[in-house]
Amino acid sequence: MKVNNERRITRRSRLLMVFLSVIPIFGFASLGLAQKHHPKSYSFLSFDIPNAQGELGFTTLAGINDKSEIVGGFTVGESQGFLISRRGEVTRTGCPNATFTALLGINNSGAMAGSCFDGTNHGFFRNRSGQFTLIDVPGAIITQGRGLNDLNQVVGYYRDQAGDQHGFVWDDGAFVTFDLPDLENVIPYPLGINNRGQIVGLFAESPCNCNERGFLFSHGRLTVIDFPDATATIVNGINDRGDIVGTYVDGNGDHHGFVLDHGDFKTLDVPFAGIDFTEAQGINNRGEIVGRYLQSDPVYNFGFIAIPGR
């Protein structure tokens, strides 16, 4: 089924972009591995896109490809996700007949992946021609699509008839299901995949669905990722160099973005006063990072892209 409900936002209501000065990224801890290539600084672009009701302050950016094309969505008041082109043009799109669509991944051919709801929770793959394929793990009661690579493989998670959650990789209609090895009583949330087949995400303790820790699953080997001294770590994305981005929660309950590069952790926070929530969602092979940040008074969230300096 080919989607035909895409529409361009008018010129008057295009996204608002605010360019911020270059700021340093401060490190917390290092595992001491060599061959680090962190940029010393990032430039930040802030994105605020009006939803269907014309409201601002509800924008999230979730994925970015090597052409700097970005996918994202709205936290309230909008059923569709959107694509931002390199020229800043915004196209809204959603699964046909769905009441909610979350665009979460985009690859270099322009294909997209994510989740949608039409009474049932589905994952989906949208090819570069705009054709949607719903992804439902056989026998699952809920399927959630998340990350996407250039091989058009979609990673995500599903819940079976017994209510247990598992990870999956979808490859042109075929499914590979996996659970995290050597871990018992955990709930897996695979969230990202690169072209080397490396998968990142988080797992939480069962049954409380709490105490989140990040993971990297690479060629059958599981590595647990904990930001130093954090109370929770969530890993959202990985590029082909193995650079990882995500979010951690500190002892005060504040959320920070982070980059993990060859064992070296760096905090990634937007440079605004009064911001105590930054979430890094995706990273491309150029090191550009997308995510969102929250303003506390009044409560709004905005998308951002962090562009690495020299």
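Reader: In which strand is the place of threonine 267?

Author: The model is predicted, so to speak of local features needs pLDDT of at least 70, while side-chain atom pairs count only at pLDDT 80 or more and totals for chains, interfaces and linings use all residues. Residues are numbered from 1 along each chain as its sequence is written, and side-chain values use heavy atoms, with hydrogens and water left out. Strands (E, at least two residues) and helices (H or I, at least four) are DSSP runs numbered from the N terminus. Threonine 267 lies within residues 264–268, which form strand β25.

Reader: Is threonine 267 buried or exposed?

Author: The terms rest on relative accessible area, where buried means under 20%, exposed over 50% and partly exposed in between (1.4 Å probe, protein chains only). Because threonine 267 has a relative accessible area of 6%, this residue counts as buried.

Reader: What is the length of the polar contact between the side chains of threonine 267 and tyrosine 248?

Author: A polar contact is a pair of N or O atoms within 3.5 Å; within protein, one must be able to donate a hydrogen and the other to accept it, and residues adjacent in sequence count only if both atoms are side-chain atoms. For the side chains of threonine 267 and tyrosine 248, the value is 2.9 Å.

Reader: How many salt bridges does the structure hold?

Author: A salt bridge is a side-chain nitrogen of Lys or Arg within 4 Å of a carboxyl oxygen of Asp or Glu. One of them joins glutamate 78 and arginine 92, with the closest N and O atoms 3.9 Å apart, and both of these residues are buried. Glutamate 78 sits in the loop between β7 (70–74) and β8 (81–84), whereas arginine 92 belongs to strand β9 (residues 90–93). The number of salt bridges in the structure is 6.

Reader: Why does aspartate 243 count as buried?

Author: Aspartate 243 meets arginine 241 in a salt bridge of 2.8 Å, N to O, and arginine 241 counts as partly exposed because its relative accessibility is 39%. Aspartate 243 counts as buried because its relative accessible area is 3%.

Reader: How many bridges join β8 to β9?

Author: Two strands pair if DSSP finds at least two bridges between them. The number of bridges that join β8 to β9 is 4.

Reader: Which strands stand at the edges of the open sheet of 4 strands?

Author: The order in this sheet is β18-β19-β20-β21, with antiparallel pairing, and β19 (residues 199–205) pairs with β20 (residues 210–218) over 6 bridges. Two strands have a single partner each, so one side of each is left without a neighbour in the sheet, and these are β18 (186–193) and β21 (221–225).
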